[in-house]
Amino acid sequence: MKQKPSAGIEEILEQLSPLERKIIPFLSSPLKTIEKKAGLDTTSVLRALRFLEAKGLVKLETSTETIIELGTNGIYYKKHHLPERVVISVLEAHNHLSLEEAQRLAKLSENEFKVSLGVLKSKALVSLSNGKLSLIANKEEIIRKTFEEQLIDALPLEKDNLSPELLFALDNLKKRKDIIEIKTRTIPSFTITELGKKVAGSELKVDLLEEVTPEIIKNWTRSKKFRKYDLQTAVPRIQGGKQHFVNQSIVYARKIWTDLGFKEMKGTMVDTAFWVFDALFTPQDHPAREMQDTFFLKDMHGQVIENKIAALVKQAHETGIPGSTGWGISWDEKEATRVLLRTHTTSLSARTLAKLKSEDLPAKYFAIGKAFRNETVDWNHGFEFYQTEGIVIDEKAHFRHLLGYLQEFYKKMGFKKIKFVPSFFSYTEPSVEIQVFHPEKKIWLELGGAGIFRPEVTAPLFGKPIPVLAWGQGFDRIIMDYHDIKDLRKMYANDLKDLREKRFWLR
Amino acid sequence: MAIVSFNRKEIEKTIKLTPEVLECIMMLGIPVEECTADTLSIQVLPNRPDLLSMNGFLRALMSFLGKKPGLKKYKIQDSKCKLYVDSSLPKEWPYALACIIKNVHFDDAKIREIIQLQEKLGSTMLRERKKGGIGIYPLDNISFPVTFKGMHPDKIVFRPLESEGEMTGRQILSRHPTGRTYAHICSSWSAFPVFVDAKDKILSMPPILNSHEMGKISTATKEVFIEATGTDYATLNKVITILATSLAEAGGQVYTIECIQQNKKRENIPNLLPRKMKIDLEQINNLLGLSLKERELEKLLPKMGYDYQKSTVSIPAWRVDVLHQADIAEDILIAYGYDRLEPELPRVATIGEESPASRRTGKIAEILAGLGLLEISTYHLIKPEEAKRFHAPFIEVENAKTEYKLLRPNLLIPALRIFAENKDNEYPQRLFEIGTVFIQDARKSETGIAEENHLLVATSAGNFTEVKQILDYLSRMLGLSYTLTQTVHPGFIEGRTGAITFNNKRIGIIGELHPELLRASNHKMPTAVFELNLDELV
């Protein structure tokens, strides 16, 4: 007898999907019966049960059972008899055989034959004396199927259903190669809850609408009602296309610089030592110019095209410019023509400065690009990394402006507290190292250097000394920090699972 | 950059290392690596080799803290001894400078410290001895004048430091551990440099090692002979100055030696006369964004170890980094305090602008991401084993420390690696990358290498239709049109490979990858790609 549902149950009833409705009348039956009665496959019934479970109507349970099946050899032996049976048959035809003859006639492998012999001896069916193998049991014993043969005939079986004899046989056969395969299977079952019983006993409304169709829209009447959805039901995950997370943050940083009135510089990653080192007043015997730190390119020979600038650079290194002594060591143009992967993006700034004219001032430029170091790769090291580079060329520019630009940039990158400490770079003076305070980790992070280009840099490139505020900090550490990446290698590992799940740059 | 460690107890005889003092050290421009109960380790930046010795470090710190400001003066006497530099020397090693320090007290800690200083000067200023070498000897055994000369390697015979018996110059390079380490510097020279004294005894064979008999310092040593030899007179002069003043700071008495070079140049060494530099306060204020008064400079410069009077700075001889007024300006700033500086964002009207290439890259990324493609970002270097399936003249980097040794000539090679590494991740994998590739440039460019900005699109499992759809959509959205013509390309399936032409120029390739290439790349799914040169689209 169907009862009138109470208010809470009413709500549940309106949420039942067609699939759930199909099985609700049969909830007192076991799974297999439901499948049959509802005319659904196992997967659909289980899905419906999971929906019902979410509504608190049933409780799903799983148990496991162990299934014993035949392995590859097992299947073969079931068809062609176990090797020990083959040996018996051979001996029935020719009793008292030497081992070699028995094996040859039985057409068994060395291993199969040995195993068979052991089995037959342990069952006291054969004996070996004077090198001859003989059947010793009576006819009846010989023709009776062994437990092993009985087991093979009976498989597949659930382990719990095996008799003690067959269990014994199983233990024996398990030791032999690929006769038996043991699988575990999970068996779903369910129990109906009190609430479930009430719902199952209630009358199911049949006039709830499922999908909105063009017909329904056309013929809509107020008396109709839609089935309610369970909003908590999990939906399958989807993935979207997107920019690589490193590039997302570069787009953001680029926006900061352009908002601050900076023009973007572009240039090559491969350059001559002239633009990477010499134009930046790095002495020719400086350790950074050695092979263990820099990627020089094999068999590539560059040239210095800007002869006028090169002559001035040579002079700055050897004897200095007015007011400076220079390095006082001779400068070799050949050394400057070595071709390499830029070790910093400051080569772009040097090239920009060389092209600039007095009437272009004041001018501000930035670049975000890869730089390279000949490094090993581990969690903390890599051979390529991004730098954010900037220069401000202005007669009136001074050191506190430099700090102002850097503070503004890092504030926009999310670091409120910033500290400046003295540092050294061969092409800037004064120089400064930027440290930002990490609010969660409560530590100061070193982000890299900045300074004002030395007159020995600006005089040859620009034609006269002029204040050029300059910086070039590593950018990867900021990205790592934002995404909580601990291992530098993960930045460019391109694990697609990781890329698909990675959240957007949200600053 | 060098990291040096000092005995904390020794330092604390002069100043206690409180947290405030450690902060001061950092604000002096000396990064503190570590400070434990026993040691203080600091980073010495390349401009300040005078900080490599504990005494030099303390000299700088004590004046910065205002405890001993101003230019430190050392009393110097003339030893009346001479050093002759002989023309028999190999041309690769022409110079030698030397001086004498008396009244030194070497305990074991001091000996360790002086050895550290000698090593660090050798590895930094002297570039791993390629530019010069340093030697220290007990004075007692030496008869003056001393001569620095060249001898045939087989004629040089003496007992090297810490060795059992005598060896010839050539044997030292092959048998003695220090000789083997530095053999590469001098093995090709026609003559080897040696110091010999007035009695013809060999003191050492620079820049390799000292004689055991003549050049071993012990706790009994009270007076020493110091020399520096090498390729560059000015550098050697700086090295000797730093060594001599460091020992003087520890209580030693400095005696000069008259050093006569091959070119007859004579100089009493060390020459500790301060250099004078006139500075322009207005220029300095403009550079720093400060408005310091003359009076303030008189306080600030002595904190950095200078004397200052009437616009003229007296620079101590050991401050070898000061080349220009800008260097003085930085020291003024350090003395003033970086932490006191107010950052200022100037209101300079300039127009910000993204480069056309970045703008284009951004648009293309947006279009492709809109199609559900995932962007990857790969290294610019590839492995030779990945490259061998493609024939192109590859550009190789020298002495790479990893297996990534070649510049990528296309974006397909790294993408194949990414597919292989993701073969157990969810399919379909629809990827794109926009990045730089490198090709040898026949035209006479500065580097001989041309860089192109490429776009790669690759879908797996994917087929020709799918990538052509993407190419179609992309070109429609960019308002461009292209044509395809059948072509053959290594790694692609013949008959399913097209050359992409734009403006009568071949700018790329599209097609399905050949199973052989996929299998060799350890990739299991059908894959279709296109790659084109974005620089040609402008």
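Predicted model: local features only at pLDDT ≥ 70, side-chain atom pairs only at ≥ 80, totals over all residues.
Residues are numbered from 1 along each chain as its sequence is written, and chains are lettered from A and ligands numbered from 1 in the order in which they are written.

Chain B contains 15 helices and 27 strands; helices (H or I, at least four residues) and strands (E, at least two) are DSSP runs, numbered from the N terminus. The radius of gyration of chain B is 33 Å, whereas a compact globule of 538 residues would have one near 24 Å; the radius is taken over C-alpha atoms, and the globule rule is 2.2 Å times the number of residues to the power 0.38. A box of roughly 90 × 65 × 50 Å along the principal axes is filled by the C-alpha atoms of chain B. Of the 538 residues in chain B, 42% are buried (20 or more other C-beta atoms within 10 Å of the residue's own, C-beta atoms being placed from the backbone).

Chain B is divided into domain 1 (2-64), domain 2 (76-269), domain 3 (275-339) and domain 4 (356-537), with bounds from an automatic or database domain assignment. The centres of domain 1 and domain 2 of chain B, taken over C-alpha atoms, are separated by 28 Å. Each of these two domains of chain B gives 13 residues to the contact (C-beta atoms, placed from the backbone, within 7 Å). On the side of domain 1 of chain B that touches domain 2 of chain B, α3(B) gives the most, with four residues.

Helix α4 (residues 108-123) of chain B has 16 residues and reaches 22 Å from its first C-alpha to its last, close to the 22 Å expected (1.5 Å times one less than the number of residues). Buried in α4(B) are B:E113, B:I114, B:L117, B:Q118, B:L121 and B:G122. The buried residues of α4(B) pack against α3 (54-64), β6 (132-138) and α7 (233-249) of chain B.

Between the chains, 85 residues of chain A are in contact with 76 residues of chain B. Helix α19 (residues 399-412) of chain A gives the most to the side of chain A that touches chain B, with eight residues. The mean pLDDT of chain A is 89, and 98% of its residues reach 70 or more.

Notes: Buried ≥ 20, exposed ≤ 12 C-beta atoms within 10 Å, placed from the backbone. pLDDT = per-residue confidence, 0-100.
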